[in-house]
Amino acid sequence: MPVRKPARKRSVSRPASRRNAEQHTIGGYLIQRLQDYGIEHVFGIPGDFVLQFYTMLCDSPVQVVGCTREDNAGFAADGYARVHGMGAVCVTFSVGGLSMCNSIAGAYAEKSPVVVISGAPGVDERRSDPLLHHRVRDFNTQREVFEKITVASASLDDPLTAFREIDRCLAACERFKRPVYIELPRDRVRANCPYPYQPGVEKPVSDRQALHEAVEEAAEMINSSRRPIIIAGVEMHRFGLGDEVVRLAEKHQLPMCATLLGKSVVSERHPLYLGIYEGAMCRESVRKFVEDSDCIILLGTFMTDIDLGIYTAKLDIGKCIYVTSDLLQIRHHHFNDVLLSDFIRGLLKADLKPPRRPIPPQCRREESKFVLEPEARLTTRRLFERINELLDEHMVVVADVGDCLFAAADLTIYRDTEFLSPAYYTSMGFAIPAALGAQFADQNLRPIVLVGDGAFQMTCLELSTAMKHRFNPIVLVLNNKGYGTERFLHEGAFNDIPNWEYHRMPDLLGGGWGFEVRTEGDLEKALRAALANRDRFSLLNIHLDPTDISPALERLARSLAKRI
Ligand SMILES: Cc1ncc(C[n+]2csc(CCOP(=O)(O)OP(=O)(O)O)c2C)c(N)n1
Ligand SMILES: [Mg+2]
């Protein structure tokens, strides 16, 4: 189902007759369809090959959000998509598009539905094969690159097919929750459809017999098990099935875990929720409870190395019901043509009678009160204990790659889907721009951005855009003077990075609040001030010892040490 949120109304400067006429142009139709899918903001940077379309966008109810770099625009659109249901980015040819490859690859890997729109030289301009600026090899190079990292792509060079192509790409984006690429040659933006176009809606359906047999086999397995458990993954969020998972668990009192990539897919305050399962990286009690199970119901999880605690997880597929949007496997039986949503809803309706499996008290996280030691030097462990107390239902935690991601696994997120991180593709630089996208997607959410000094140095200038729009993320820079996670794997001078005065970013950007934190007392003061400063971003430069690591990374180190 397209995510249909009412588009934000803005004053439109052009006469209505012109706007209506534009709806029948390729550019106008694309903008209309973006809105049909609930897209209210498009991130990007203009250039001469996309200026006409930018003008059209600016005259539409869709708000264009200018970013400092195209890769950041890609991350922002990804963050927006994760919160809002679908995102979009619009850039110029090659110099813009190609610099977005990494962020769009991440969106592909982690199933985030982002529509990539790129301007391109006009079809008529290409006739004598000229060396136009931004050209790489030939005029198809960028589209061919994006074919590899999107689920559908099209070049809208022919008005006869362009309208259908727009619908095909957007439907694929929505169905597969993966990016799509739409290229718009600049001389086709205002081209009209040569015939009255009617969008056709084709909905995928499950094979009824396969669905029936799969649900029956799953029910049999659950009913004959003694220690069933659900592990919920990121796809439950992407496909809007989080509520169904909770209903399934509640109906049969099934205990639940989540994966790191799927963290917060169900509320972490739910009484049936145990925590994140990620092999040796999770708490031992949770690990034991999961690995003792004789029926592991994996719903929309990706079996990634990080989610499996660098493959320290011990899950026997012979004890699993494993369903994603791409596959359905019950023990070693594979079923084809069964939609994820149909299977989950089928399970909800099935006659399940699983045994009750009480959650042992040691699996519950102890909620100890954080007692401040004002003079103590701050450590990662204490920092995250304090952050855990700070979180409320109006915040979204956005974690970058590095120890902050491992440490964040231990945070308790209040509401569902309020934790964003690139926990599979693990590209550094995600958090600051993704937080911008998340705040555009839901302006009632305040981002708590967790970012290492290395990742911060990559994309920090997107704070300038947050500043421009008076957004108020609280950015915690974990300044351990280098690539700590890599130091932990392999020490070398290449892991040292310059120690910037991060807390002085407000001087550069002309606003915001900066704090330097060394002790627990400094942290307390800075956090209180940051929470009170609701008008701009706050940035905490948190000095940590270069050898200090989070409890999660410590757990992994201990487990790996046993194996070596
Ligand atoms: C774009 C990108 N480049 C390189 C890496 C490899 N890498 C993984 S973690 C890491 C260090 C991260 O440093 P920092 O952000 O300071 O976090 P820390 O590990 O210190 O907690 C690097 C370089 C990556 N994941 N992504
Ligand atoms: Mg670091």
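Modeller: Start with Thr459, which is found in helix α16. Helices (H or I, at least four residues) and strands (E, at least two) are DSSP runs, numbered from the N terminus. This is a predicted model, where local features need pLDDT of at least 70, side-chain atom pairs count only at pLDDT 80 or more, and totals for chains, interfaces and linings use all residues. Residues are numbered from 1 along each chain as its sequence is written, chains are lettered from A and ligands numbered from 1 in the order in which they are written, and side-chain values use heavy atoms, with hydrogens and water left out.

Biologist: Is Thr459 buried or exposed?

Modeller: Buried means under 20% relative accessible area, exposed over 50%, and partly exposed in between (1.4 Å probe, protein chains only). Thr459 has a relative accessible area of 4%, so the class is buried.

Biologist: Which residues does Thr459 touch, not counting residues up to four places away in sequence?

Modeller: Contact means heavy atoms within 4.5 Å. With that sequence limit, Thr459 touches Asn72, Phe75, Gly429, Ile432 and Pro433.

Biologist: Which protein donors does the magnesium ion (ligand 2) have?

Modeller: Donors are N, O and S atoms within 2.8 Å of the metal (3.2 Å for Na, K and Ca); water is not among the atoms, so sites may look incomplete. The protein donors lie 2.0 to 2.1 Å from the magnesium ion (ligand 2), and they are Asp453 (OD), Asn480 (OD1) and Gly482 (O).

Biologist: What spacing do the donors of the magnesium ion (ligand 2) follow along the chain?

Modeller: Along the chain, the donors of the magnesium ion (ligand 2) follow D-x26-N-x1-G. Asp453 lies in helix α16 (residues 453–459), and Asn480 in the loop between β17 (474–479) and α18 (484–489), so this pair ties together parts that are 27 residues apart in sequence.

Biologist: Are Asp453 and Asn480 buried or exposed?

Modeller: Asp453 has 1% relative accessibility, so it counts as buried. Asn480 has a relative accessible area of 12%, so that residue is also buried.

Biologist: Where is Val517, and which residues does Val517 touch, not counting those up to four places away in sequence?

Modeller: Val517 sits in strand β18 (residues 513–517). Its relative accessibility is 0%, so Val517 counts as buried. Beyond four places in sequence, Val517 touches Leu378, Asp522, Leu523, Ala526, Leu540, Asn541, Ile542 and His543.

Biologist: What separates the C-alpha atoms of Val517 and Leu527?

Modeller: Val517 and Leu527 are 10 residues apart along the chain. Their C-alpha atoms are separated by 9.9 Å.

Biologist: How do helices α13 and α20 pack, parallel or antiparallel?

Modeller: Axes are lines fitted to C-alpha atoms, for helices over the stretch in contact, and angles run from 0 to 180 degrees between N-to-C directions. Angles under 35 degrees count as roughly parallel, over 145 as roughly antiparallel, 65 to 115 as roughly perpendicular and the rest as oblique. Helix α13 (residues 380–390) and helix α20 (residues 520–532) pack at about 30 degrees, with their axes 12 Å apart. The two are therefore roughly parallel.

Biologist: Which residues of α13 and α20 meet, and how do they divide by class?

Modeller: From α13 come Arg382, Leu383, Arg386 and Leu390, and from α20 Glu520, Leu523, Glu524, Leu527 and Leu531. Ala, Val, Leu, Ile, Met, Phe, Trp, Tyr, Cys and Pro count as nonpolar, Asp, Glu, Lys and Arg as charged, and the others, Gly among them, as polar. The contact of α13 with α20 has five nonpolar, no polar and four charged residues.

Biologist: What is the angle between α2 and α7, and how does their contact divide by class?

Modeller: Helix α2 (residues 26–36) and helix α7 (residues 159–176) pack at about 15 degrees, with axes 10 Å apart. That makes α2 roughly parallel to α7. Ile26, Tyr29, Leu30, Arg33 and Leu34 of α2 make the contact with Pro159, Ala162, Phe163, Ile166, Asp167 and Leu170 of α7. The classes are nine nonpolar, no polar and two charged.

Biologist: What phi does His134 have, and where is His134 found?

Modeller: Most residues other than glycine have a negative phi. His134 is not a glycine, yet has a positive phi of about 75 degrees. Its place is the loop between β4 (114–120) and α6 (141–147).
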